[in-house]
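Colleague: Please take a close look at one residue for me. Then place that residue in the wider picture of the chain.

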Amino acid sequence: MGYSHHIAHFNTGLKAEEHLIGLLGRHHFLSGFRTYKKALSEITTDVTKQHPSAIDRPAYLDLYNQFGKGESYREFLRGTTLFGVYEPFIPDGIEVNGQTLLMPYQAYTQRYLNDWRYCPRCVEEDIEEGTMPFFRREHQLPAMTLCHKHQERLLVLCKECHQQDKELEKYSYPAGTTCKYCSCDLEPIDSFVNTDILWVQQSMLRLMRGEVEILPLSELKQLYQSQLGITQYCGGFTVSGRNMNQLAQRDFDNYFDPRVFRALFNNCDGNASLKRPPALNLHNVIFKEGVVFSPVVHLLIIRMLFGDIDNIPSVS
Ligand SMILES: [Zn+2]
Ligand SMILES: [Zn+2]
């Protein structure tokens, strides 16, 4: 694990809106060490896959031990990472204690989930204020394509010259609108928006800020099951059970504009008969155990069934 028994020398502090892992990138840059791993050697050994989307990981615990101010570990994560959007959807039995890397189920199927995103206007403002540009948590939320402050399309780090999975380790902080390595213009990310996508984005912000109360996950899944009429696969489906499941899935697949799925997931339309990505298999969402489904998946189901997260009925 890390070196939590002593306080490392940090040459930079965490900013109010900053993602915890973004701090490590900046620390690397300011340290003068060439490699990320070496720069962090007194802080953490958890230096690979520095994606913004990790729900829990040893580096978070190591930073909690450095920066925590008496709050619980979960409170710390809510204030510094995307934990608030994942927390309502973590099943009982999955520990959040900084011991292992916990990622959302099939994270690779969700567009931009593992990319560090930033807004060019926010970067300009940072520079005007004499601050080194930093990665905001809001921009790293699942499904987020626009700046919550400027409504500007977000940018991602250069795809032309990055090494696979090395983005933060290489870039350290948000660039401007051109790549600082190969000088190519950075393209804004693809951002189809309609009322459903904007609703998902707004709901993500509310979840992250702790503005929403959601039913315990086990009750939420019961509601999905009863509302959708989906039955458990138990050594084989009955004919009616299979039909019910297929109808529910088809209703769901057709509920949204297909562009919504394409905007949110990488692997849509992989097969002409399948509009949705596998992560949106309703049967899995309801019955699969031991994984954390993305809040995007839950929000889409909630959108279809109840319209809004504020309208979820209680289980009777
Ligand atoms: Zn902005
Ligand atoms: Zn480049």
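Predicted model: local features only at pLDDT ≥ 70, side-chain atom pairs only at ≥ 80, totals over all residues.

Modeller: Start with Glu 18. With 17 C-beta neighbours inside 10 Å, Glu 18 counts as partly exposed.

Now its position. Glu 18 sits in the segment that precedes helix H1 (20-31). Set aside the neighbours within four places in sequence. Glu 18 then contacts Leu 23, Phe 134, Phe 135, Arg 136 and Arg 137. Glu 18 and Phe 287 are 269 residues apart in sequence. In space, 35 Å lie between their C-alpha atoms.

Next, the domains. The protein chain is divided into domain 1 (20-105) and domain 2 (202-311). Their centres, taken over C-alpha atoms, are separated by 28 Å. The two domains do touch: 14 residues of domain 1 are in contact with 14 residues of domain 2. On the domain 1 side, helix H5 (residues 83-86) supplies the largest share, with three residues. That side of domain 1 divides into 12 nonpolar residues, one polar and one charged.

Step back to the whole chain. The protein chain holds 13 helices and two strands. Its C-alpha atoms fill a box of roughly 65 × 45 × 30 Å along the principal axes. The radius of gyration is 20 Å. A compact globule of 316 residues would have a value near 20 Å, so the two agree.

What share of the 316 residues is buried? Buried residues make up 40% of the protein chain. Contacts across the sequence tell another part of the story. Take those between residues at least 6 apart in sequence. Of these, 68% join residues at least 24 apart.

Last, confidence. The protein chain averages a pLDDT of 89. A score of at least 70 is reached by 93% of the residues. Residues 1-6 are another matter: pLDDT stays under 50 there. For that stretch the model has 12 contacts beyond four places in sequence.

Note on methods: Residues numbered from 1 in each chain as written. Chains lettered and ligands numbered in written order. Domains from an automatic or database assignment. Contact = placed C-beta atoms within 7 Å. Helix = DSSP H or I, 4+ residues; strand = E, 2+ residues; numbered from the N terminus. Nonpolar A, V, L, I, M, F, W, Y, C, P; charged D, E, K, R; others polar. Buried ≥ 20, exposed ≤ 12 C-beta atoms within 10 Å, placed from the backbone. Rg over C-alpha atoms; globule rule 2.2 N^0.38 Å. pLDDT = per-residue confidence, 0-100.
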